[in-house]
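Here are some notes to read alongside the model, for someone meeting it for the first time.

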Amino acid sequence: MQRMMVLPQGGEILVPADPAEMESAYRDAAWIWIDVADPSRAEIARLGRFLGLSARTLDDMLDPSEYPKLDPYDDYVFAVFHGLGTATDRLHTVEIDMAIGARFLLTVHAGDVPAVEWTIDQLGEMPTEYTANPGRLAAHLAEISSRRYLPLLDALDGRIEDLEEPAALADPVVLGDIQSLRRDAVVLRRITAPQRDVFARLATSRFDPIDPAAQGQFASVYDDQRRIVESLESARVLLASVLDTYRSAVAENMNQVMKVLTVFSAILLPLSLMAGIYGMNFVNIPELEWRVGYFILLGIMATTAVGLWLYFARRGFIGAPRLDKLPRTVGKGLGGLVHLTTTPLRIVGYIIQEAVEEDSPPDGLGGRQT
């Protein structure tokens, strides 16, 4: 699917246009934005010839890249970054390829990307500072996509805190949740660490299609990415701590079980000794002739057992092990929290709507956060 938005000469908003009219629109407009979802090789080749893109750029658009990257060229900048996808209930990222030129912005991705869809829907209501040139709109897209990670990280911190108490109780369900969260955190960090470096270059290096205002917006994106990476590092340490707590609690429970078994063995040892003595096949055992000898021996054995139990209890050798926690279900990590990533879009939309009504740019979207 291919869509095209055009900024007319002297106009203030982007308007949808027919992709078939690309040449005439590009000739008459200030600049155009072309968005392609699930592109074919023929579409990419045609766009590459029309916009003058290199063969390497076209190959990168067709072949998914595992890591974000930035390739500057003479008359455009090619950037690859990853946003969050919501196609399934599992956590996954979606690659977004952007070619930023002086008079065009080309975005290529697989399937629907919430940040792109929301931006297209809100084009007519955006302040002009976000649509002044391709670099600024590209920075705004990156900023929206980046901020979708933030509620996910807050939810991750909350999940880790919720795991601390059951981990101290050696709840077996904790192990599955920890492994799921660790996997999701590794997936996010593998993407966001190099992505942070991409936005750092866009914020600090001078590229012709990116003006200082767009650099300021990319600096805000870099701040978000830096916070995301730091949060993931902290989450990794906290998850390791929770796992250590769980293992310590399991070991403590095992020690309690072994202690109880040892106490029972210690109690049964003298009783077995008494039973063994009077079970020997000797005729001349004096107590064998006693009429009440059997009951006396049972009384001595019972007294010995109770006495040893009380002695071990007073010494603190025995206690009630926590064995009442049974496995329930294994969690799905951050997959169940993916729906929270739509929150920033709704919040940003509300802020922009207010800004348009007040005819002033919204705070926190155009520059570096404080």
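1. Helices (H or I, at least four residues) and strands (E, at least two) are DSSP runs, numbered from the N terminus. This is a predicted model, in which local features need pLDDT of at least 70 and side-chain atom pairs count only at pLDDT 80 or more, while totals for chains, interfaces and linings use all residues. Residues are numbered from 1 along each chain as its sequence is written, and side-chain values use heavy atoms, with hydrogens and water left out.

2. Now the overall picture. The protein has 10 helices and seven strands. Of its 370 residues, 46% are buried (under 20% relative accessible area; exposed is over 50%, partly exposed in between, with a 1.4 Å probe and protein chains only). Take the contacts (heavy atoms within 4.5 Å) between residues at least 6 apart in sequence: 69% of them join residues at least 24 apart.

3. How do the axes of H5 and H8 cross? Helix H5 (residues 134-147) and helix H8 (residues 212-277) have axes that come within 8 Å and cross at roughly 15°. On the H5 side the contact includes Gly135, Arg136, Ala138 and Ala139, and on the H8 side Ala213, Ala214, Gln217 and Phe218 are among the residues involved. The contact residues divide into eight nonpolar, six polar and four charged (Ala, Val, Leu, Ile, Met, Phe, Trp, Tyr, Cys and Pro are nonpolar, Asp, Glu, Lys and Arg are charged, and the others, Gly among them, are polar).

4. H8 also meets helix H9 (residues 293-314): their axes come within 10 Å and cross at roughly 160°. That makes H8 roughly antiparallel to H9, and the crossing is right-handed. H8 contributes Val263, Phe264, Ala266, Ile267, Pro270, Leu271 and Met274, while the H9 side includes Leu297, Ile300, Met301 and Trp309. Here the contact residues come out as 14 nonpolar, one polar and no charged.

5. Next, the inside. A nonpolar core is a set of buried Ala, Val, Leu, Ile, Met, Phe, Trp, Tyr and Cys residues joined through side-chain atoms within 4.5 Å. The largest one has 37 residues, and Trp33, Leu70, Met98, Leu105, Phe199, Leu202 and Phe218 touch the most other members. Among the elements giving two or more residues to this core are strand S1 (2-8), strand S3 (29-37), helix H4 (114-121) and helix H7 (173-204). H5 gives this core its largest share, six residues. A second, separate core has 24 residues, including Tyr149, Leu153, Leu188 and Ile191.

6. Leaving out residues up to four places away in sequence, Leu70 touches Val77, Phe78, Ala79, Val198, Arg201, Leu202 and Phe207.

7. Is H4 mostly enclosed or open? Six of the eight residues of H4 are buried, so this helix is largely enclosed by the rest of the structure. The buried ones are Pro114, Ala115, Val116, Trp118, Thr119 and Ile120.

8. Have a look at the loop between H7 and H8, where Ile210 sits. Ile210 is buried, at a relative accessible area of 0%. With residues up to four places away in sequence not counted, Ile210 touches Leu202, Gln215 and Phe218. Ile210 and Tyr76 are 134 residues apart in sequence and 9.2 Å apart in space, C-alpha to C-alpha.

9. Asp38, in the loop between S3 and helix H2 (41-51), has a positive phi of about 50° although it is not a glycine. Ala170, in the loop between helix H6 (150-168) and H7, has a positive phi of about 60° and is not a glycine either. Ala170 counts as buried, at 10% relative accessibility.

10. Last, Ala30 in strand S3. Ala30 counts as partly exposed, at 25% relative accessibility. Ala30 and Arg103 are 73 residues apart in sequence and 6.6 Å apart in space, C-alpha to C-alpha.

Conventions
Axes are lines fitted to C-alpha atoms, for helices over the stretch in contact, and angles run from 0 to 180 degrees between N-to-C directions. Angles under 35 degrees count as roughly parallel, over 145 as roughly antiparallel, 65 to 115 as roughly perpendicular and the rest as oblique. A crossing is left-handed if the near helix is turned anticlockwise from the far one by less than a right angle, and right-handed if clockwise.
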